[in-house]
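Hi,

Here is the structure you asked for. My notes follow below it.

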Amino acid sequence: MARFVEGCSSFRSGSRREFLRAGGLGLLNLGLPTLLQAREMTAAQGDVIGGASASTFGRAKSCILLFMWGGPAQQETWDLKPEAPEGVRGEFKPIATTVPGLEISEHFPMLSQRAHRLAVIRSMHHGDVNHTTATHELLTGRPIPRVGGGPFGEDWPHYGSMLAHLGRHQDRTSLPTSIQMMPVSLDGAPRFVESSHGQGAGWLGPALDPFTIDADLNRQAAAADFRLPASIAPGRFADRRKLLQTVEDQARRLELNAQVQAMQAHYVRAHDLLTDPRALAAFDLDQEDPKLRDRYGRHAHGQAVLQARRLVEAGVPITTVFWQNDGTTNVSVYWDTHNRNFIDLKTRLMPPADQAFSALLDDLGSRGLLDETLVVWTGEFGRTPRVGQSVVGGAGAGRDGRDHWPHCFSTVLAGAGIRGGTVWGASDRWAAYPARDPVTPADVAATIYHLLGIDPSLEIRDKLDRPHRLCLGEPVTGVLA
């Protein structure tokens, strides 16, 4: 049975019963007039939107964000420096790809054969060296509002929460606008992802938190057992919903606070999901061919990525797949390779990432979904130029590790509206700083919004009616088709 994270403010896991009682579906379709207004503004602006061509505006119906929490080393993955001095270039060798002149790591052999579908940005940068606040940059497109973190309720909203606020949802399913896959290992290893900022609705309120599933789908076939208990017949469940509606109608007169209002929204979504067979079927991986499940990889990450593809088919606008903790407790967790950088990358990190990402590209392509699905592969930052180098604010590095480094890293995009076979930007000779065409997380956010059909310059208002620009960056036109 799956456990669910019930809002970013608490990050508590609970059972299915807790989901039904207090809610686990952080979504309410608010702000449709705002979205319609945005589309009217777009039509009036002509052929250029936020500096990007209108031909790519709205090309993506869905987005899958593959988040490699911990900070993948750019020098060992997408931006190798074979001519750099020893101690900088690392141990891995670059290999040729399907794109002439583009080389990536030897430990991404399957992705090297799909490089013609990829746009690699090698000039990503920001200034936050801390994991749990740097995630805010990549999940929202904005720096953390308060140095050191602060309350999760002050965060800028996650992309999915903002889409829900703007009314970006589909009518053909009761599934939420935004779902997060956050697999948990069963041995109790640390889950730093849960402490990361930017994964919730922030100041939009907990009613718009993404629906979070922490099931390890390599251990169970379904993301969650959403079936009604045998003791509760459908008619009885409907009667309970009517009773709840009566209580809610009375409670509204008491001017409920945000937490209670969020709970009401969760109840509504839970009811809709439990009574929609098509939505429930989206979480059943047993419906997939076992050979395809093997192709994604019989590990937590591979099965979570496969689940993301099923959610795309079901009409979910955005799914975030966080890298799972694989339960190894004697090494750095996730992609946070302060020690054993080369051993862990080539044995337990890059092979499953290579397998799942390449399977996703093939699978979406064979189903005719890649042209309407944006895929983003990223971490929150990169690693230090020199092996064994420690930085202020980082966590240090052993002789065979690299510390945190936000000043230069790589992000990869594919799918709807993306020009495959592209390298945008360049790092310097040590992969330490951008040397050409620097890109910020805000620019990636603007690209995501643009491709999803939302003008990044749209004005939105917070609960105090203060105006804000949706996104402070501009679309990266160099990666757009």
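**Confidence first**

The protein chain averages a pLDDT of 83, and 73% of the residues score at least 70.

This is a predicted model: local features need pLDDT of at least 70, side-chain atom pairs count only at pLDDT 80 or more, and totals for chains, interfaces and linings use all residues. Residues are numbered from 1 along each chain as its sequence is written, and side-chain values use heavy atoms, with hydrogens and water left out.

**Strand 5**

Start with strand 5, residues 62–67. Helices (H or I, at least four residues) and strands (E, at least two) are DSSP runs, numbered from the N terminus. Six of the six residues of strand 5 are buried, so the strand is largely enclosed by the rest of the structure. Buried means under 20% relative accessible area, exposed over 50%, and partly exposed in between (1.4 Å probe, protein chains only). Both faces are covered: Ser 62, Ile 64 and Leu 66 lie on one side, Cys 63, Leu 65 and Phe 67 on the other.

Which strands pair with strand 5 in the parallel sense? Strand 12 (residues 373–378) does, over six bridges, with Leu 65 opposite Val 376. Strand 11 (residues 318–322) does too, over five bridges; there Ile 64 stands opposite Thr 319. Two strands count as paired if DSSP finds at least two bridges between them.

**Aromatic pairs**

The whole structure holds 13 aromatic pairs. Rings of Phe, Tyr and Trp (its six-membered ring) pair if their centres lie within 6.5 Å; planes under 30 degrees apart count as stacked, over 60 as edge-to-face and the rest as tilted.

One of the pairs is Trp 78 with Phe 108: tilted, 4.9 Å centre to centre, 45° between the planes. Trp 78 sits in the loop between strand 5 and strand 6 (94–96), and Phe 108 in the loop between strand 7 (103–105) and helix 3 (109–112), so the pair ties together parts that are 30 residues apart in sequence. Trp 78 and Phe 108 are both buried.

Phe 211 and Phe 283 also pair. Their ring centres are 6.3 Å apart and their planes at 80°, so this pair is edge-to-face. Phe 211 is in strand 10 (residues 211–213) and Phe 283 in the loop between helix 8 (277–281) and helix 9 (290–296), so the parts tied together are 72 residues apart in sequence. Phe 211 is buried at 0% relative accessibility, and Phe 283 is buried at 1%.

Trp 78 and Phe 108 also belong to one aromatic cluster with Trp 323, Trp 335 and Trp 377.

Arg 383 lies in strand 13 (residues 382–383). With a relative accessible area of 0%, Arg 383 is buried. Its side chain makes a polar contact with the side chain of Asp 336 (3.0 Å). The side chain of Arg 383 also reaches the backbone oxygen of Gly 71 at 3.4 Å. A polar contact is a pair of N or O atoms within 3.5 Å; within protein, one must be able to donate a hydrogen and the other to accept it, and residues adjacent in sequence count only if both atoms are side-chain atoms.

Arg 142 lies over the face of Trp 156, 3.7 Å from the ring centre. The criterion: NZ of Lys or CZ of Arg within 6 Å of the ring centre and within 35 degrees of the ring normal.

Arg 340 has a positive phi, near 55°. Arg 340 is in the loop between strand 11 and helix 11 (341–366).

Best wishes

Definitions and conventions. pLDDT = per-residue confidence, 0-100.
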